[in-house]
Amino acid sequence: MATQGRASGGVSGEAADMLLQVSVERIERANVEMNRACELGLPDTPADAPTPATVADAPLGPNTYFVNVEMTEERTEPGGGVVDNRIYRGQRLEVTDRSGAWVRVTGLEYEPRWVRASHLSREQPAPLPQPDLAPGLMDARIQGIPAVGEDGNDEADVRALRTAAAQLLASGQCRRIEYGDRSANHRGVYFINCGENSNRFFTMRDDEPRFCGRSASSC
């Protein structure tokens with residue numbers, strides 16, 4: 001009776017062995033992937049790289065790297081495939097594989113994205129010089145505007161965003177600015193958000209913002 005109770009109410013010996021084997025295989029795969037990741041490294045990376053000045057600037061791990069060029073493309077295959085994304089100077093990445101001059105920067109459980117190894121470095125690039133802006137463009141109510149070099153924004157982009165933000169505040173249309181950036185799909189189009197459910201899109205003409213509506217296509 002006791003034996004029958006275990007067979008009907010629990011897991012059979014054969015089933016338990018199968019579950020144990022699956023667990024062991026998963027652990028072994030995880031160990032292989034971890035060891036492979038820890039052995040990667042990148043070309044031309046000095047083994048005695050200087051220690052960053054602060055803990056906040058330190059890489060997260062032995063395979064953490066930073067984009068050291070203004071912009072680089074993430075491709076679906078090493079040196080080929082299609083451009084799946086663009087990443088910018090200073091962005092932090094985790095390298096999970098290497099193929100020649102290319103490294104994979106997505107986890108092994110995700111769709112692969114590859115970038116040129118020469119476009120990455122172990123140390124985070126120094127911040128780029130920022131422009132001198134008029135006091136009105138540095139209003140404390142203006143938040144979430146990228147700096148020069150952040151996500152590929154240059155000085156003209158930063159001035160455009162802050163000028164538009166200051167205009168919205170001065171006109172009383174917004175009490176504060178939550179964030180702003182360039183449109184990802186429409187060249188020359190920017191947006192500002194004032195804490196609303198939709199963004200305010202605009203373009204620049206003669207150094208002045210021209211607001212076009214609540215969608216980038218309206219510009």
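How do the residues of the lining of the second largest pocket divide into nonpolar, polar and charged? I counted seven nonpolar, five polar and three charged residues in its lining. I kept in mind throughout that this is a predicted model.

**Entry: the second largest pocket**

I noted a volume of about 220 Å³ for the second largest pocket. Its lining has 15 residues. Those closest to the centre are Arg89, Gly90, Val148, Gly149 and Glu150.

**Entry: the largest pocket**

I then turned to the largest pocket, with a volume of about 600 Å³. I found 18 lining residues here. Tyr88, Asp151, Arg182, Ser183 and Ala184 are the closest to its centre. Which elements give two or more residues to the lining? They are strand S3 (80-88) and strand S9 (179-182). S3 supplies the largest share, three residues. I also sorted this lining by class: five residues are nonpolar, six are polar and seven are charged.

**Entry: histidine 119**

Where does histidine 119 lie? I found it in the loop between strand S7 (114-116) and strand S8 (120-121). Its side chain makes a polar contact with the side chain of threonine 72, at 2.7 Å. I listed its other contacts too, setting aside neighbours within four places in sequence. Histidine 119 touches Phe66, Val67, Asn68 and Val69, as well as Thr72.

**Entry: the sheet with S1**

I traced the sheet that includes S8. Three strands form an open sheet in the order S4-S1-S8, with antiparallel pairing. The edge strands are strand S4 (92-94) and S8, and each of these pairs on one side only. Strand S1 (residues 64-67) joins S8 over two bridges, in the antiparallel sense.

A reminder to myself: strands of a sheet pair through backbone hydrogen bonds, either parallel or antiparallel.

Strand S2 (residues 71-77) pairs with S3 over six bridges, antiparallel. Glutamate 73 stands opposite arginine 86 in S3. The two strands form a hairpin with two residues between them. Which residue in the turn has a positive phi? I read glycine 79, at about 75°.

I followed the chain from S10 onwards. S10 and strand S11 (residues 200-205) pair antiparallel over three bridges. Isoleucine 192 stands opposite arginine 200 in S11. This hairpin has six residues between the strands, and glycine 195 takes a positive phi near 85°.

How many bridges join S11 to strand S12 (residues 208-213)? I found five, and the strands run antiparallel. Phenylalanine 202 is set opposite phenylalanine 211 in S12. The hairpin of S11 and S12 has two residues between its strands. There aspartate 206 takes a positive phi near 55°.

**Entry: aromatic pairs**

I searched for aromatic pairs and found four in the structure. I looked at one of them, tyrosine 179 with phenylalanine 191. Why is the pair edge-to-face? The ring centres are 6.3 Å apart and the planes stand at 80°; over 60 degrees counts as edge-to-face, so this pair qualifies. Tyrosine 179 lies in strand S9 and phenylalanine 191 in strand S10 (residues 190-193), so the pair ties together parts that are 12 residues apart in sequence. S9 is also one of the elements I had noted in the lining of the largest pocket.

Technical notes:
Residues numbered from 1 in each chain as written. Predicted model: local features only at pLDDT ≥ 70, side-chain atom pairs only at ≥ 80, totals over all residues. Heavy atoms only, no water. Helix = DSSP H or I, 4+ residues; strand = E, 2+ residues; numbered from the N terminus. Polar contact = N/O pair within 3.5 Å; in protein donor to acceptor, adjacent residues only side chain to side chain. Contact = heavy atoms within 4.5 Å. 1 Å grid on protein atoms, 1.4 Å probe; cavity = no way out; pocket = protein on both sides within 12 Å on 5 of 7 lines; lining within 4 Å. Points joined across faces, edges and corners; volume = space filled by probe spheres on them. Nonpolar A, V, L, I, M, F, W, Y, C, P; charged D, E, K, R; others polar. Pairing = 2+ DSSP bridges. Phe/Tyr/Trp six-rings, centres within 6.5 Å; stacked < 30°, edge-to-face > 60°.
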